[in-house]
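Morning, everyone. I have one structure to walk through today, so let me put it on the screen.

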Amino acid sequence: MSKTQSGLTPLSVPLSHLVPSRRNPRRVKPSRESDQCLLALIQTFGLLQPLVIRPLEGKPKHYEVVAGHRRLNALRKIYQGDGDPKIACVLCDIDADTADAISLGENFGRAEMHPLDEAEAFSKLASGDGKGVDSIASAFGVKPHYVRQRMKLAELAGVVKAAFRAGEIDIGTAEAFAAVPEDRQKEVWQELNGHPRHAEHVRNIIANGWIDASRAIFNVSTLPEAAVSQDLFSEQVLVERQAFMTVQMETLLAERE
């Protein structure tokens, strides 16, 4: 075993030799949905972050999990009745007080997954693994509509994604951009000089080029696919203005005749 610069030693440990610490500072349990999401992520991508462990007093070759209790629980569910796989860990020889500090730091500093990371993960599952929306939703413990909304964010134009990741726009504004195709998103971004004030600001600009399909007196499904966009966040179907006006006028003339 070779120690890293931080003094941690990479180690593979049989799952049965890992014991959760009884001193975990997290007292309020995460939601079932959160646990299901973590379980599905590990099943899909593997254990991306090793468990932090220390020797378990009185039990040779057994270890106390200092940080990674939820990951340990997820691994136990995944491998239940399926042998005793070795789990990636990092070993630190520390006292109980230091272990508490590490555990508290991990719980305190843990951040939720960015919506774009979720969006791209869902899209990867849908395209790479051929999973349907319903199966993805079931695996992650969320509703299918939630998955569709997140996957819609994966279709954001590059400039909008970059601004969202950098915290320059909020999720509501990003969702407003996602209502229309990528080329129109870029046009709106340029019209706003890359500085949208808020979601309604974006929707007002979009409304200049796209019309709510509920105003149509014709069958929207007859239009070309490129002329129709579904806004999954405001529950609207939008039609490109020129296509809308042309078919609306043709329908009115036909009714008049």
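First, the ground rules. This is a predicted model, where local features need pLDDT of at least 70, side-chain atom pairs count only at pLDDT 80 or more, and totals for chains, interfaces and linings use all residues. Residues are numbered from 1 along each chain as its sequence is written, and side-chain values use heavy atoms, with hydrogens and water left out.

Now the overview. The protein chain has 11 helices and 8 strands. Those are DSSP runs numbered from the N terminus: helices are H or I, at least four residues, and strands are E, at least two. Of the 257 residues, 42% are buried. Buried means under 20% relative accessible area, exposed over 50%, partly exposed in between, with a 1.4 Å probe and protein chains only. Take contacts, meaning heavy atoms within 4.5 Å, between residues at least 6 apart in sequence: 70% of them join residues at least 24 apart.

Next, the cores. A nonpolar core is a set of buried Ala, Val, Leu, Ile, Met, Phe, Trp, Tyr and Cys residues joined through side-chain atoms within 4.5 Å. The largest has 26 residues, and Leu153, Leu156 and Phe177 have the most contacts inside it. Helices 4, 7, 8, 9 and 10 each supply at least two of its residues. Helix 10 gives the largest share, 4 residues. Apart from this core lies another, of 17 residues, including Leu18 and Tyr63.

Look at Phe177. Beyond its neighbours within four places in sequence, its contacts include Leu156, Val188, Trp189 and Val202.

What about helix 9 and helix 10? Their axes come within 10 Å and cross at roughly 115°. Axes are lines fitted to C-alpha atoms, for helices over the stretch in contact, with angles from 0 to 180 degrees between N-to-C directions. So helix 9 is roughly perpendicular to helix 10; that label covers 65 to 115 degrees, with under 35 roughly parallel, over 145 roughly antiparallel and the rest oblique. Arg184, Val188 and Glu191 of helix 9 meet Val202, Ile205 and Ile206 of helix 10.

Last stop, Ala216. Where is it? Ala216 sits in the loop between strand 6 (210-212) and strand 7 (228-231). Ala216 is buried, at 18% relative accessible area. Not counting residues up to four places away in sequence, Ala216 touches Phe244 and Gln248. Its C-alpha is 9.6 Å from that of Thr251, 35 residues apart along the chain.
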